[in-house]
Amino acid sequence: MNEHSTNKASGLGGRLPLLPPDALDEAQRALHDRLQATRARNAEEAGYTAALPDGRFIGPFNALLRTPHIARPLLEWAQALTRAGIPADVREVVILTVAAHWRADYALYAHTAAAEKAGLPGLAIASLLHGEAPRGLRPDADLAHRLATALVRDHRVQDDLYDEAAAAFGTNTLIALVNLVGQYLNTSALLACFQVPAPSSDRTEAPAA
């Protein structure tokens, strides 16, 4: 059966079956190994799941494995943003703000864990998950939330907000923050199109045949 023959989401892959490692071609295998060494390890450290014990990837990675020629430059983009020096709490506030506007369940699941690791207050995380203005954030993190909201919801940044952000972050970090918003717009679109869920106690995935 062609994997596009139905649009009904089922299992942790949503509309796309999870790819077992033994079904990957050479380029996909190289990408899989790279993801295991980076994203799966980072996920484990942060307390969420990116790959199942049998090596199948979930979240956006299952879709990206199908197109290594697209995934590789996206990973380079992501790594460049990781090296941009954005503080961890600011980064996670931006990601949760974008993901909440898209209701991107897997991104919200993964970055709730990452936000907790970054030290965001629990009440602030809960507000972000519901698309509400958070309280108890550092000033820079609060400013990043307002900036991300302006871009994702309003599609414009008013002069006073721009001046505040440019003064607080500087031009280079502000460019990195805008790119971070763009990265998670991309991720959220993947998750939405393929109806990728978050892992939960009532959703199980059988081992690969």
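Begin with the aromatic residues of this predicted model, in which the ring pairs number three. Colouring by accessibility shows F57 as buried, at 0% relative accessible area. F61 is likewise classed as buried, with a value of 6%. Next, select Y48, Y106 and Y109, which together make up one aromatic cluster.

Y48 and Y106 are among its members that touch the most others, together with L35, V94, L120, L177 and L180. The core comprises 59 residues in total. To see where they come from, display α1 (26-46), α2 (60-64), α3 (68-82), α4 (88-102), α5 (105-117), α6 (122-129), α7 (139-154) and α8 (159-193), each of which supplies two or more residues. The largest share, 10 residues, belongs to α8.

Now centre the view on L180. Leaving aside residues up to four places away in sequence, L180 is in contact with L81, I86, R91, V94 and I95.

For the last stop, display α4 beside α6. Their axes are 8 Å apart and form an angle of about 30°; angles under 35 degrees count as roughly parallel, so α4 is described as roughly parallel to α6. Select V93, L96, T97 and A100 on α4, then I125, L128 and L129 on α6, to show the residues that meet. Sorted by class, this contact contains six nonpolar residues and one polar residue, with no charged residues.

Notes. Residues are numbered from 1 along each chain as its sequence is written. This is a predicted model: local features need pLDDT of at least 70, side-chain atom pairs count only at pLDDT 80 or more; totals for chains, interfaces and linings use all residues. Side-chain values use heavy atoms; hydrogens and water are left out. A nonpolar core is a set of buried Ala, Val, Leu, Ile, Met, Phe, Trp, Tyr and Cys residues joined through side-chain atoms within 4.5 Å. Buried means under 20% relative accessible area, exposed over 50%, partly exposed in between (1.4 Å probe, protein chains only). Helices (H or I, at least four residues) and strands (E, at least two) are DSSP runs, numbered from the N terminus. Contact means heavy atoms within 4.5 Å. Rings of Phe, Tyr and Trp (its six-membered ring) pair if their centres lie within 6.5 Å; planes under 30 degrees apart count as stacked, over 60 as edge-to-face and the rest as tilted. Axes are lines fitted to C-alpha atoms, for helices over the stretch in contact, and angles run from 0 to 180 degrees between N-to-C directions. Angles under 35 degrees count as roughly parallel, over 145 as roughly antiparallel, 65 to 115 as roughly perpendicular and the rest as oblique. Ala, Val, Leu, Ile, Met, Phe, Trp, Tyr, Cys and Pro count as nonpolar, Asp, Glu, Lys and Arg as charged, and the others, Gly among them, as polar.
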